[in-house]
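Here is a short tour of one protein model. Keep the sequence and the 3D view open as you read.

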Amino acid sequence: MDNCLMWYSLLPTAQYWGSANPGLGFFHVEVEGPEAVQWLNMDNVGVVVVKEGEISAEELEKSFNDMWKVNWFWQIRQIGPKKFLVRFPPSKRVKELVEYPSINLKKDGVVIYFVNWEGEAEPFEEFQEVWVKIIGIPAKWLTWKTICQVSTTLGVLVNIDWQVIFRSFYKEVRVKVSVRDKTKIPSNKLFEMEQCFFLIDFCVENEGEAIDVDEDDDEDPGQSNEGDKLDDDAEIGDDFKAFDKSKPGGSNSKMETDPSFPSGGRSASRSAAQQNLETSVQDKVFGREPHIPTDSALVPRSVEENIGKNLLQHFDAESDDDAEGCKEMNDDMVSNNPDPPMPSMVWKEKKQWGPVQATRMSSRIPRDGKTVIEKAQDLKKAKNLEIPRGNKIYGFSNSFAALDNPILLDKAKKCWH
């Protein structure tokens with residue numbers, strides 16, 4: 001023990017949480033993962049559950065020896081009512097035993113089955129999760145560290161609703177905590193911060209309690225506001241009337257004075273159409289002739305009474321003015337320049353956004369600025385041995401055109417003799 005360095009380091013200690021009220025307190029212990037307990041060798045350890053009958057640990061050991069005939073030192077411990085923790089021999093793997101639905105032992109009326117075990121145990125008590133509003137924390141210390149310390153006086157902090165802080169204008173904090181008993185949460189408690197005492201209130205939310213929303217969301221989103229629709233329709237009608245009156249030629253008096261036009265927008269039109277439909281159906285059922293009231297009869301209208309007449313006249317006048325202006329402009333251009341030059345065709349490249357990529361060119365072609373015709377002429381001369389082939393700086397060729405006639409005759413005489 002003296003050689004172990006852990007004994008000389010700072011020993012971990014349990015923390016007491018839930019100190020706000022009796023019935024909430026407990027000691028909080030930080031635990032490690034399953035890798036820290038591999039030295040316990042829990043590979044082939046399982047739980048035997050008695051499904052039917054009664055049996056003790058000694059009787060269970062004797063039953064296993066009679067059933068499997070193995071020489072094994074059995075380790076059996078009762079961990080609960082009708083539950084036994086057993087270390088099995090290497091020949092009997094727990095992973096295979098749990099696949100059996102049940103096994104009948106030699107003892108009369110006793111039926112068991114097997115369950116995997118990973119070191120867990122039955123808890124004495126379980127937490128209750130609840131949302132709590134904390135009111136009274138000063139805004140200048142409204143931080144994560146402060147909220148955690150205040151919350152741990154009730155239990156374990158699970159979640160924080162940050163939006164409530166801004167919605168309440170730094171008045172309250174809404175947290176979700178796990179406590180032993182939510183009925184034991186006090187209404188307020190005294191806390192010290194920077195040598196000053198503050199009384200902080202706790203408000204427990206009941207299950208299904210709605211969260212406060214903004215005042216702008218008082219209206220029911222599922223119901224439509226018919227008054228707004230009627231106002232909008234009336235405004236649209238007024239716009240049409242004002243537009244028609246501003247045009248030359250008068251206003252649409254028929255639309256303004258005729259009672260056959262329904263007032264009140266689309267809603268009123270829909271109700272009138274529904275009444276007409278019900279009346280026509282009743283007439284057909286009772287065999288009566290359809291009757292159209294005089295005040296709502298359809299009145300044929302002429303083209304002059306159409307609302308679009310003034311608009312068409314306005315458009316026709318504008319198009320005639322534009323055509324006359326274009327004709328006069330063309331006449332002036334012809335008179336000033338009887339033979340106008342034809343504009344050259346210029347291809348406009350479409351502008352593109354982004355980086356401009358360079359055109360890829362072959363490195364085998366020399367960029368000497370020669371045209372295609374000049375390159376073809378040079379190729380023909382090279383075939384006729386008039387110029388050296390290839391890119392030879394100090395090249396020599398056997399072209400006969402490069403020698404004079406006297407030189408050729410002299411060479412020929414020497415070869416003849």
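## A local salt bridge

The side chains of Asp 181 and Lys 184 form a salt bridge, at 4.0 Å from N to O. Asp 181 is partly exposed, at 22% relative accessibility. Lys 184 is also partly exposed, with 33%. Keep in mind throughout that this is a predicted model.

## The other salt bridges

How many salt bridges does the structure hold? There are 10 salt bridges. One of them joins the side chains of Glu 54 and Lys 82, at 3.8 Å from N to O. That pair links distant parts of the chain, 28 residues apart. Glu 54 sits in the loop between S3 and H1, and Lys 82 in the loop between S4 and S5. Glu 54 counts as exposed, with 54% relative accessibility. Lys 82 counts as partly exposed, with 34%.

Asp 378 is partly exposed at 26% relative accessibility. Lys 370 is partly exposed at 38%. Elsewhere, salt bridges link Asp 161, Arg 174 and Glu 205 in a network.

## The whole protein

The protein has 417 residues, and 19% of them are buried. It contains 10 helices and 12 strands. Its accessible surface comes to about 34400 Å². Carbon and sulfur atoms own 55% of that surface.

Contacts tell how the chain folds back on itself. Take the contacts with a separation of 6 or more: residues 24 or more positions apart account for 59% of them.

Helix H1 covers residues 57-68, which makes 12 residues. Its first and last C-alpha atoms lie 17 Å apart. That is close to the 16 Å expected at 1.5 Å a residue.

Which residues of H1 are buried? They are Leu 60, Ser 63, Phe 64 and Trp 68. These residues are on the same side of H1, because they cover an arc of only 105 degrees around the axis. The face turned away from the buried side of H1 carries Glu 58 and Lys 62, both exposed.

What do the buried residues of H1 pack against? Their partners are strand S3 (45-52), strand S4 (75-80), strand S5 (83-87), helix H2 (94-97) and strand S7 (111-116).

## The residue after H1

Lys 69 follows H1. It lies in the loop between H1 and S4. Its phi is positive, at about 55 degrees, although Lys 69 is not a glycine. Most residues other than glycine have a negative phi. Is Lys 69 buried or exposed? Lys 69 is exposed, with a relative accessible area of 66%.

## A nonpolar patch

Trp 144, Trp 162, Phe 166, Phe 169 and Tyr 170 make a nonpolar surface patch of about 660 Å².

Where is Phe 169? Phe 169 lies in the loop between helix H4 (162-167) and strand S10 (172-179). It is exposed, with a relative accessible area of 64%. Tyr 170 is likewise found in the loop between H4 and S10. Tyr 170 is partly exposed, with a relative accessible area of 41%. Its phi is positive, at about 65 degrees, although Tyr 170 is not a glycine.

## Helix H10

Helix H10 spans residues 405-416 and has 12 residues. From first C-alpha to last, H10 reaches 16 Å, close to the 16 Å expected at 1.5 Å a residue.

How many residues of H10 are buried? The number is zero, so H10 lies largely in the open. H1, by contrast, has Leu 60, Ser 63, Phe 64 and Trp 68 buried.

Key
Residues are numbered from 1 along each chain as its sequence is written. This is a predicted model: local features need pLDDT of at least 70, side-chain atom pairs count only at pLDDT 80 or more; totals for chains, interfaces and linings use all residues. Side-chain values use heavy atoms; hydrogens and water are left out. Helices (H or I, at least four residues) and strands (E, at least two) are DSSP runs, numbered from the N terminus. The expected span of a helix is 1.5 Å times one less than its number of residues. Buried means under 20% relative accessible area, exposed over 50%, partly exposed in between (1.4 Å probe, protein chains only). The arc is that of the directions from the helix axis to the C-beta atoms. Contact means heavy atoms within 4.5 Å. Accessible areas come from the Shrake-Rupley method with a 1.4 Å probe; for residues, only the protein chains shown count as cover. Patches are made of residues with over 30% relative accessible area and no salt bridge: like charges are joined within 9 Å, nonpolar side chains (Val, Leu, Ile, Met, Phe, Trp, Tyr) within 5 Å.
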